[in-house]
Amino acid sequence: MSDETTKDATGNGSTGTETTDRPEPRDVLVETRHTIGTADGDLTYTARTGRIVIREEEVKDDIFQGWTPRGELAVTAYTVTDEDGEPDVARPITFVFNGGPGSSSVWLHLGVLGPRIAVAGEPNEPTPPPYALADNPETLLRASDLVFIDPMSTGWSRAVEEARPRTSTAGRRTSSRSPSSSVSGAPARIAG
């Protein structure tokens with residue numbers, strides 16, 4: 001893919017065209033393992049966070065042409081695991097969406113539902129930032145695996161270069177890989 005940019009004579013660039021090759025966007029996920037104490041006892045879990053590429057199916061004259069990257073969706077997934085690091089595939093999973101213009105899923109993530117919470121003080125005595133993190137003994141992870149999703153153009157989710165940000169892919173065929181492997185056959189819930 002190349003990008004041509006013509007700049008004006010006022011010093012805002014060159015007088016010709018410039019070509020830049022951009023790498024194909026790719027999924028980038030980081031995985032860590034943790035244990036926290038809850039009212040139900042210790043909870044061992046795997047955390048996966050990063051961005052997954054959302055692709056749109058391209059069809060021309062009823063012939064499949066491939067998948068075109070449209071966005072990079074920021075996700076953080078928590079999966080309860082056993083001592084060997086294996087997930088329980090029968091556990092329910094909750095997909096948590098939040099955010100609006102400029103705001104990500106961080107408030108549900110670090111404010112209420114996630115295994116770690118931001119220590120922001122009491123409503124009448126707030127603690128100034130930067131906030132410390134603490135284990136959340138009341139985390140929803142006790143009952144369900146969790147996937148926090150930043151809607152497009154919020155948090156770290158972005159449209160790929162030269163693509164228009166969309167709030168929905170309704171009516172379009174899209175593809176992405178799930179950051180949690182414990183989804184198969186388990187109940188799924190949506191929160192946000």
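Of the 192 residues in the protein chain, 31% are buried, where buried means under 20% relative accessible area, exposed over 50%, and partly exposed in between (1.4 Å probe, protein chains only). This is a predicted model, in which local features need pLDDT of at least 70 and side-chain atom pairs count only at pLDDT 80 or more, while totals for chains, interfaces and linings use all residues. Residues are numbered from 1 along each chain as its sequence is written, and side-chain values use heavy atoms, with hydrogens and water left out.

The protein chain contains 1 helix and 14 strands, taken as DSSP runs numbered from the N terminus (helices: H or I, at least four residues; strands: E, at least two). Its accessible surface comes to about 12000 Å², with 51% belonging to carbon and sulfur atoms; accessible areas come from the Shrake-Rupley method with a 1.4 Å probe, and for residues only the protein chains shown count as cover. Among the contacts with a separation of 6 or more, 60% are accounted for by residues 24 or more positions apart, a contact meaning heavy atoms within 4.5 Å.

Thr-76 is buried, with a relative accessible area of 14%, and, not counting residues up to four places away in sequence, Thr-76 touches Arg-48, Thr-49, His-109, Leu-146, Val-147 and Phe-148. The C-alpha atoms of Thr-76 and Ala-47 are 7.0 Å apart in space, although the two residues are 29 apart in sequence.

Side chains of opposite charge can pair when their charged atoms come close. The whole structure holds 9 salt bridges, each defined as a side-chain nitrogen of Lys or Arg within 4 Å of a carboxyl oxygen of Asp or Glu. One of them joins Arg-55 to Glu-24, with the closest N and O atoms 3.0 Å apart; because Arg-55 lies in strand β4 (residues 41-60) and Glu-24 in the loop between β2 (17-21) and β3 (28-38), the pair ties together parts that are 31 residues apart in sequence. Glu-24 counts as exposed, at 52% relative accessibility.

Arg-91 and Asp-145 also form a salt bridge, at 2.7 Å from N to O, and this pair links distant parts of the chain, with Arg-91 in the loop between β5 and β6 and Asp-145 in strand β11, 54 residues apart. Arg-91 is buried at 11% relative accessible area, and Asp-145 is buried at 0%. Ser-144, in the loop between β10 (132-135) and β11 (145-149), is buried as well, with a relative accessible area of 2%. Leaving aside neighbours within four places in sequence, Ser-144 is in contact with Arg-91, Pro-92, Ile-93 and Thr-94.

A further salt bridge pairs Asp-135 with Arg-116, the closest N and O atoms being 2.8 Å apart. Asp-135 lies in strand β10 and Arg-116 in strand β7 (residues 116-119), so the pair ties together parts that are 19 residues apart in sequence. Asp-135 is partly exposed at 34%, and Arg-116 is partly exposed at 31%. Elsewhere, Glu-31, Arg-33 and Arg-48 are linked in a network of salt bridges.

On the surface, Asp-82, Glu-83, Asp-84, Glu-86 and Asp-88 gather in a patch of negative charge. Patches are made of residues with over 30% relative accessible area and no salt bridge, like charges being joined within 9 Å and nonpolar side chains (Val, Leu, Ile, Met, Phe, Trp, Tyr) within 5 Å. Asp-82 lies in the loop between β5 (63-80) and β6 (93-97) and is partly exposed, with a relative accessible area of 32%.

How values were computed
Lys, Arg positive; Asp, Glu negative; His and termini not counted. Charge placed at Lys NZ, Arg CZ, Asp CG, Glu CD.
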